[in-house]
Amino acid sequence: VQLQASGGGLVQAGGSLRLSCAASGRTFSSYAMGWFRQAPGKEREFVAAISWSIGSTYYADSVKGRFAISRDNAKNTVYLQMNSLKPEDTAVYYCAAGRYGGSARNEYAYWGQGTLVTVSS
């Protein structure tokens, strides 16, 4: 599976962005998908995940209620809708694919190249 993330950019605090992650390969629908982010000087951290089957979602506490992950298996694409953005959301955002999903990086075998989100105060 190859992943291509897009949609990052500069936005003011309180604004919104939607990230997209396009996947290649015929087995996209059988993978759980996740979003992670890495701020400068910090570890890469979990943001959100969605299961491959019934679309169950899971969020980090820091984004719960503001971000929403969704997927369109017909388009081989996963989305991250980000609302009420804060300066602390500034990071490079990565999409990832794994058999089981979850919040740990080692649960994901495939990673996209990342897209930068900058939130100004």
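The link between Cys-21 and Cys-95 is right-handed, with 60 degrees about the S-S bond. It ties together distant parts of the chain: Cys-21 sits in strand β3, Cys-95 in strand β9 (residues 91–98), and the two are 74 residues apart. This is a predicted model, and in it the sulfur atoms of Cys-21 and Cys-95 lie 2.1 Å apart. The structure has one disulfide in total. As for solvent, both Cys-21 and Cys-95 are buried.

Strands of a sheet pair through backbone hydrogen bonds, either parallel or antiparallel. Here the sheet is an open one of four strands, running in the order β1-β3-β8-β7 with antiparallel pairing. At its edges are β1 (2–6) and β7 (67–72), each of which pairs on one side only. Direction ignored, neighbouring strands of this sheet are turned by 15 degrees against each other on average. Inside the sheet, β3 (residues 17–24) and β8 pair over six bridges in the antiparallel sense. One of the residues involved is Leu-17, whose bridge partner in β8 is Met-82.

Then there is Thr-77, which belongs to strand β8 (residues 77–82). Thr-77 has a relative accessible area of 10%, so this residue counts as buried, the cut-off being under 20%. A polar atom of the Thr-77 side chain lies 2.8 Å from the backbone oxygen of Lys-75. Setting aside neighbours within four places in sequence, Thr-77 is in contact with Ser-20, Cys-21, Ala-22, Phe-28, Ser-70, Arg-71 and Asp-72.

Note on methods. Residues are numbered from 1 along each chain as its sequence is written. This is a predicted model: local features need pLDDT of at least 70, side-chain atom pairs count only at pLDDT 80 or more; totals for chains, interfaces and linings use all residues. Side-chain values use heavy atoms; hydrogens and water are left out. Buried means under 20% relative accessible area, exposed over 50%, partly exposed in between (1.4 Å probe, protein chains only). A polar contact is a pair of N or O atoms within 3.5 Å; within protein, one must be able to donate a hydrogen and the other to accept it, and residues adjacent in sequence count only if both atoms are side-chain atoms. Contact means heavy atoms within 4.5 Å. Two strands pair if DSSP finds at least two bridges between them. Axes are lines fitted to C-alpha atoms, for helices over the stretch in contact, and angles run from 0 to 180 degrees between N-to-C directions. A disulfide is a pair of cysteine sulfur atoms within 2.5 Å.
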